Amino acid sequence: MSFKIKRDKKKNAGLSVASAGIRTFHNFRPESLWVFHYDGSGCDGCNAEYLACLSPAWDIERLAVRNTGNPAYADILLVTGLITENSADELLQIYEQLPEGSKVVSAGACACTGGLFSECEGIMAGVDSLIPVDIYAAGCAARPEALIDAILMAKDEIVSETENREEAVDDE
């Protein structure tokens, strides 16, 4: 498959990529997903478990799941740790930068419900009290198996939504 890079005739219009057989960029989306990991605060147990998913023992990248440092490119927002009143604005800004159709995964007891700290001052009672959550990964700390299952569930949802969108376009 060859790609041609062509310049638009308008000045400063940028580059566009044209290729036979590729209708939109979203055709690639189900095959390779990008995860933006946000760790609120806490003991970093879930954070360590997610990093274990990237190690050779679990190797989540073999499932075509990659990390990104920019929420604008993320298909999945993975939230771990406590969400405090101070970090709530930051998480909202990150959520607003996600592209349409991105999924939110809340991982660990602290992110899902506030955990042991849910009744403490300045602690939010779970991520879903701030932003909509699609999938929960339980545990304290959430094990790599639970994190990988949650990410693959999000991937399945994205694939089915993409297929439904393509069917709707084909029907028109």
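A residue is termed buried when its relative accessible area is under 20%, exposed when over 50% and partly exposed in between, with a 1.4 Å probe and protein chains only. By this criterion, 38% of the 172 residues of the chain count as buried. The model is a predicted one, in which local features need pLDDT of at least 70 and side-chain atom pairs count only at pLDDT 80 or more, whereas totals for chains, interfaces and linings use all residues. Residues are numbered from 1 along each chain as its sequence is written, and side-chain values use heavy atoms, with hydrogens and water left out.

Secondary structure was assigned from DSSP runs numbered from the N terminus, with helices (H or I) of at least four residues and strands (E) of at least two. Four helices and seven strands were assigned in the chain, and their order along the sequence is β-β-β-α-β-β-α-β-α-β-α. With contact defined as heavy atoms within 4.5 Å, 73% of the contacts between residues at least 6 apart in sequence join residues at least 24 apart. The chain exposes about 10200 Å², of which carbon and sulfur atoms supply 52%; accessible areas come from the Shrake-Rupley method with a 1.4 Å probe.

Strand E5 spans residues 76-80, and five of its five residues are buried. In a regular strand, side chains alternate between the two faces of the sheet. In E5, Ile 76, Leu 78 and Thr 80 point one way, Leu 77 and Val 79 point the other way, and all are buried. Pairing of two strands requires at least two DSSP bridges between them. Strand E3 (residues 33-39) pairs with E5 in the parallel sense over five bridges, with Val 35 standing opposite Ile 76. E5 is also joined to strand E6 (residues 103-107) by five bridges, and these two strands run parallel. Within this pair, Leu 77 stands opposite Val 104. The chain passes from E5 to E6 through helix H2 (residues 85-97) in a right-handed β-α-β crossover, that is, the path from the first strand over the helix to the second runs clockwise with the strands pointing away from the viewer.

Helix H4 covers residues 144-171 and includes Pro 144. Pro 144 counts as buried because its relative accessibility is 2%. Beyond its neighbours within four places in sequence, Pro 144 is in contact with Glu 49, Ala 52, Cys 53 and Trp 58. The C-alpha atoms of Pro 144 and Trp 58 lie 7.5 Å apart, while the two residues are 86 residues apart in sequence.
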